[in-house]
Amino acid sequence: HQGESVIAAPKPAGDGWQTGESPVWRPFTQHATEPPAPVATHAEGAFITTGDGRRILDGISSWWVVTHGHRYAPIMQAIRDQSERLDQVIFANFTHEPAERLARALVEMAPEGLTRVFYSDSGSTAVEVGLKMALGYWHNRGAARHRIVVMEHSYHGDTIGTMSVGERGVFNAAYNPVLFDVGTIPFPTGDGQTTLDAFEALAAAGDVAALIVEPLVLGAGGMLMYGPDVLAGLRQICDRHGVLLIADEVMTGWGRTGSLWACDHAQISPDILCTSKGLTGGSVPLAATLASEPVFQAHYSTDRSRTFFHSSSFTANPIACAAGLANVEVWRTEPVAARIRDVVRMQAGHLDRLARDPRFENPRQCGTITAIDMKVGQAGYLADAGPRLRAHCLAQGVLLRPLGNTVYVLPPYCVSSADLDLAYDAIATFQPE
Ligand code: PLP
């Protein structure tokens with residue numbers, strides 16, 4: 001039977017999957033109500049091309065991952081080159097040049113004091129690893145600190161662990177009974193003193209292992225923004241009470257907020273930093289959790305029970321690490337900061353105009369990210385305004401994905417002024433009903 005396959009030949013294209021008859025179960029998708037997804041066939045720069053030949057502006061950088069643009073040449077080249085040498089190898093037994101060089105580069109680029117790099121493959125796993133490192137740190141030191149403190153409205157991923165440290169709501173109602181307990185501090189408003197006081201009270205109890213935050217921008221929670229002073233204040237309280245600070249820079253890293261890291265705005269270093277998305281320029285999956293020397297040293301011992309017991313099959317995949325290294329080279333050798341400054345300026349102009357539209361409120365910007373809220377229930381807007389705005393924009397050739405009634409634009413850094421016109425014109429021409 002040699003040559004015979006146990007798997008039936010795939011049905012030819014055109015058997016219905018383009019129109020919705022598909023075994024594929026897509027993420028965050030209600031298949032009963034959402035129209036079939038357009039088929040992406042190509043991408044270049046700020047645009048995605050579909051099977052029917054339409055060019056769609058990627059106004060959300062494909063879930064916030066694409067930084068320099070789709071198929072950025074030096075990153076694609078690095079992926080091709082690496083695939084000629086080493087595709088995958090078990091990282092518990094071997095190391096390799098892309099992982100070693102990328103780790104050194106990350107330590108150099110990261111906020112001071114982060115000296116160790118643990119690889120994984122998604123934002124969620126980077127956060128899981130961060131939480132496990134924090135708990136392991138206290139366990140290995142023999143201290144009874146098991147409590148994690150989180151900020152209201154946060155999002156850190158969709159695994160059981162990362163949902164536990166995220167906002168509880170409709171998205172995780174089914175899992176709520178099994179999520180672990182956390183302490184919660186309010187989202188900062190005004191000068192943030194209420195938030196700082198709440199954290200001080202929790203931290204003073206002496207059982208807090210770590211505080212985890214999305215620095216400056218709470219992404220999936222609605223692009224909610226707070227100032228660097230609050231972040232600096234939280235760091236100080238962590239220091240006073242020996243609490244570890246975990247910065248989830250999965251979304252905010254790699255220039256999104258105008259600096260390489262959001263933590264840079266507050267001039268602070270976390271004890272643990274999680275990065276993914278833009279780590280490979282958004283090309284292939286990779287994540288890293290950076291840790292301070294004390295966190296590493298708590299796991300460094302001739303007593304093998306103190307080992308950091310975590311791995312995933314594809315830890316430090318060489319092709320992904322090569323893509324990460326190429327991304328770092330782009331940051332080193334190209335005027336990325338200047339490009340980001342341009343995007344920040346263009347975004348500010350567009351947001352200004354949209355802010356004058358009485359159908360919107362709460363305009364806000366942090367670096368390359370702008371957000372504004374639709375006045376739901378007023379001026380004719382309905383509660384399903386988000387999905388309908390998304391459909392309207394797609395028909396105009398723009399990919400946007402409102403969070404509830406919050407519209408945000410988070411473009412790749414190669415976006416042009418004319419491209420942004422497309423996005424904001426699409427938003428401004430949305431008619432309720
Ligand atoms: N943390 C933050 C702040 C995020 O924004 C996300 C994803 O949007 C995650 C974690 C989870 O990342 P991933 O979807 O790669 O698991």
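Strands S14 and S16 run antiparallel and are joined by four bridges; two strands are said to pair if DSSP finds at least two bridges between them. Strands (E, at least two residues) and helices (H or I, at least four) are DSSP runs, numbered from the N terminus. Within this pairing, threonine 370 has valine 409 in S16 as its bridge partner. The model is predicted: local features need pLDDT of at least 70, side-chain atom pairs count only at pLDDT 80 or more, and totals for chains, interfaces and linings use all residues. Residues are numbered from 1 along each chain as its sequence is written.

S14 also pairs with S13, again in the antiparallel sense, through five bridges. Here phenylalanine 360 stands opposite methionine 374 in S14. S13 and S14 form a hairpin with two residues between the strands, in which glycine 367 takes a positive phi near 60°. Six of the six residues of S14 are buried, so this strand is largely enclosed by the rest of the structure. A residue is buried if 20 or more other C-beta atoms lie within 10 Å of its own, exposed if 12 or fewer, and partly exposed in between, with C-beta atoms placed from the backbone. In a regular strand the side chains alternate between the two faces of the sheet. In S14, Ile369, Ala371 and Asp373 point one way, while Thr370, Ile372 and Met374 point the other way, and all are buried.

A further sheet is open and mixed, with four strands in the order S1-S2-S3-S15. Strand S1 (40-44) and strand S15 (398-399) stand at its edges with a single partner strand each, so one side of each has no neighbour in the sheet. S1 and S2 (residues 47-50) are antiparallel and share four bridges, and alanine 40 is the bridge partner of threonine 50 in S2. Their hairpin has two residues between the strands, and glycine 45 takes a positive phi near 60° there. S2 is joined to S3 by three bridges, also antiparallel, with isoleucine 48 opposite isoleucine 56 in S3. Four residues lie between S2 and S3 in their hairpin, and glycine 53 in the turn has a positive phi of about 85°. By contrast, S3 (residues 55-58) and S15 run parallel and are joined by two bridges; leucine 57 stands opposite valine 398 in S15.

At the level of the whole chain, there is a division into domain 1 (17-71 + 336-428) and domain 2 (74-333), with bounds that come from an automatic or database domain assignment. The C-alpha centres of the two domains lie 26 Å apart. Contact between them involves 22 residues of domain 1 and 20 residues of domain 2, where contact requires C-beta atoms, placed from the backbone, to lie within 7 Å. On the side of domain 1 that touches domain 2, the elements giving two or more residues are helix H1 (61-64), helix H11 (336-355), strand S13 (360-366), strand S14 (369-374) and strand S16 (406-409).

The largest nonpolar core has 119 residues, of which Leu211, Leu244 and Ile246 touch the most other members. Both domain 1 and domain 2 give residues to this core, so it lies between them. Such a core is a set of buried Ala, Val, Leu, Ile, Met, Phe, Trp, Tyr and Cys residues joined through C-beta atoms within 7 Å. Beyond four places in sequence, the contacts of isoleucine 246 include Gly130, Ala134, Leu211 and Ile272.

The unreviewed UniProt entry annotates Lys277 as "modified residue: N6-(pyridoxal phosphate)lysine"; UniProt positions are given in the numbering used here, feature names are shortened, and annotations may be inferred rather than shown by experiment. Lysine 277 lies in the loop between strand S11 (272-275) and strand S12 (287-292). Lysine 277 is buried, with 27 other C-beta atoms within 10 Å. Not counting residues up to four places away in sequence, lysine 277 touches Trp64, Val65, Gly123, Val250, Met251 and Gly282.

Arginine 401 is in the loop between S15 and S16 and is partly exposed, with 17 C-beta neighbours inside 10 Å.

Definitions and conventions
Contact = placed C-beta atoms within 7 Å.
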